[in-house]
Amino acid sequence: MGSSEGDKPLRRIAASFEELAAVAKQQPPGAMEVGSFARACSNVSVLFGCLGIAFKFAEMDYVAKVDDLLEASKSISKLPEMVELDIQKGTVRQAGSHTRNLLRVKRGIDMVKILFEQILVTEGNSLRDAASKAYAQVFAPHHGWAIRKAVAAGMYALPSKSQLLKKLNEDENSAKVQMQNFIRASGPVILYVEYLFTSRNLGMDW
């Protein structure tokens, strides 16, 4: 196989978030483009697909929300503008609103960041502990009993770490570098999105 970013999704994910982080770290923070954010997040979709049935719910929900943001980017340029428009319309918490979908997508990025952090500190070839911790921290508080039970059962069908790396076309060393790159780049991006909510007193626990 070649080594272009096209067949190495982990590198594409890390690189796209490094571009977003450059905007997020500006002082004062730049106005992040809806399209750039959504396209970077769409690169992450493949990772949920690689995790199998345990995260099928997350993949389907995440992809739909990212698609909505991509569609929104055709008429709305910047993320702050998008949130302000929903505030003006009184639709922030309404199902299907761009701002609600932004919050859901942010949780998906949170989950991947924590998953990578856990993979890097977990010995052995199993992803179950890493994935369980990431799910428990990010998604479980917002899910009912039935979904939590289904996810717990699905954890037994996760690929092994070596199987995941093979799907991502990486070896252990190259994957470690790209996961570290994503962790480092996604942090400022997550904080940027969180600030869009907290600075407008919108809360995020919904």
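Trainee: Which helices each supply at least two residues of the lining of the largest pocket?

Mentor: Helix 3 (56-72) and helix 5 do. Helices here are DSSP runs of H or I with at least four residues, numbered from the N terminus. Before we go on, this is a predicted model, where local features need pLDDT of at least 70, side-chain atom pairs count only at pLDDT 80 or more, and totals for chains, interfaces and linings use all residues. Residues are numbered from 1 along each chain as its sequence is written, and side-chain values use heavy atoms, leaving out hydrogens and water.

Trainee: How much space lies in the largest pocket, and which residues lie nearest its centre?

Mentor: On a 1 Å grid over the protein atoms alone, a pocket is an open set of points with protein on both sides within 12 Å along at least five of seven lines, and lining residues have an atom within 4 Å of a point. Points are joined across faces, edges and corners, and the volume is the space filled by probe spheres set on them. Here that space is about 220 Å³. The lining has 15 residues, with Asp61, Arg104, Arg107, Phe139 and His143 lying nearest the centre.

Trainee: What classes do the residues of that lining divide into?

Mentor: Asp, Glu, Lys and Arg count as charged, Ala, Val, Leu, Ile, Met, Phe, Trp, Tyr, Cys and Pro as nonpolar, and the others, Gly among them, as polar. For the largest pocket you get seven nonpolar, three polar and five charged residues.

Trainee: And the second largest pocket: what is its volume, and which residues line it?

Mentor: The second largest pocket has about 170 Å³. Its lining includes Ile119, Thr122, Gly124, Lys161, Leu165, Glu172 and Met179. Helix 5, helix 8 and helix 9 (172-198) each give two or more residues to that lining. Helix 9 has the largest share, with four residues. Sorted by class, the second largest pocket's lining comes out as six nonpolar, two polar and four charged residues.

Trainee: How many cavities of 30 Å³ or more does the structure hold?

Mentor: A cavity is a set of points where a 1.4 Å probe fits but cannot get out. The structure holds one cavity of 30 Å³ or more, and the volume of the largest cavity is about 30 Å³. Around the largest cavity sit Ile119, Thr122, Gly124, Ser126, Leu127, Ala130 and Lys161. That makes three nonpolar, three polar and one charged residues in the lining.

Trainee: Is Leu164 buried or exposed?

Mentor: Buried means under 20% relative accessible area, exposed means over 50%, and partly exposed is in between, using a 1.4 Å probe and protein chains only. Leu164 has 0% relative accessibility, so it counts as buried. You'll find Leu164 in helix 8 (residues 161-167).

Trainee: Which residues does Leu164 touch?

Mentor: Contact means heavy atoms within 4.5 Å. Leaving out residues up to four places away in sequence, Leu164 touches Leu47, Cys50, Ile119, Leu127 and Pro159. Take the pair Leu164 and Leu47: the two are 117 residues apart in sequence, yet 8.9 Å apart in space, C-alpha to C-alpha.

Trainee: Which residues other than glycine have a positive phi?

Mentor: Asn169 is one of them, with phi near 60°, and Asn201 has phi near 55°. Asn169 is in the loop between helix 8 and helix 9, and with a relative accessible area of 18% it is buried. Asn201 is in the segment after helix 9, and at 72% relative accessibility it counts as exposed.

Trainee: How do I read two helices against each other, say helix 4 and helix 5?

Mentor: Two packed helices are described by the angle between their axes and the distance between the axes. Axes are lines fitted to C-alpha atoms over the stretch in contact, and angles run from 0 to 180 degrees between N-to-C directions. The axes of helix 4 (residues 79-89) and helix 5 (residues 98-121) come within 8 Å and cross at roughly 130°. Helix 4 and helix 5 are therefore oblique to each other, the label left over when angles under 35 degrees count as roughly parallel, over 145 as roughly antiparallel and 65 to 115 as roughly perpendicular.

Trainee: Which residues meet there?

Mentor: Helix 4 brings Leu79, Met82, Val83 and Asp86, which meet His98, Thr99 and Leu102 of helix 5. By class, this contact of helix 4 with helix 5 has four nonpolar, two polar and one charged residues.
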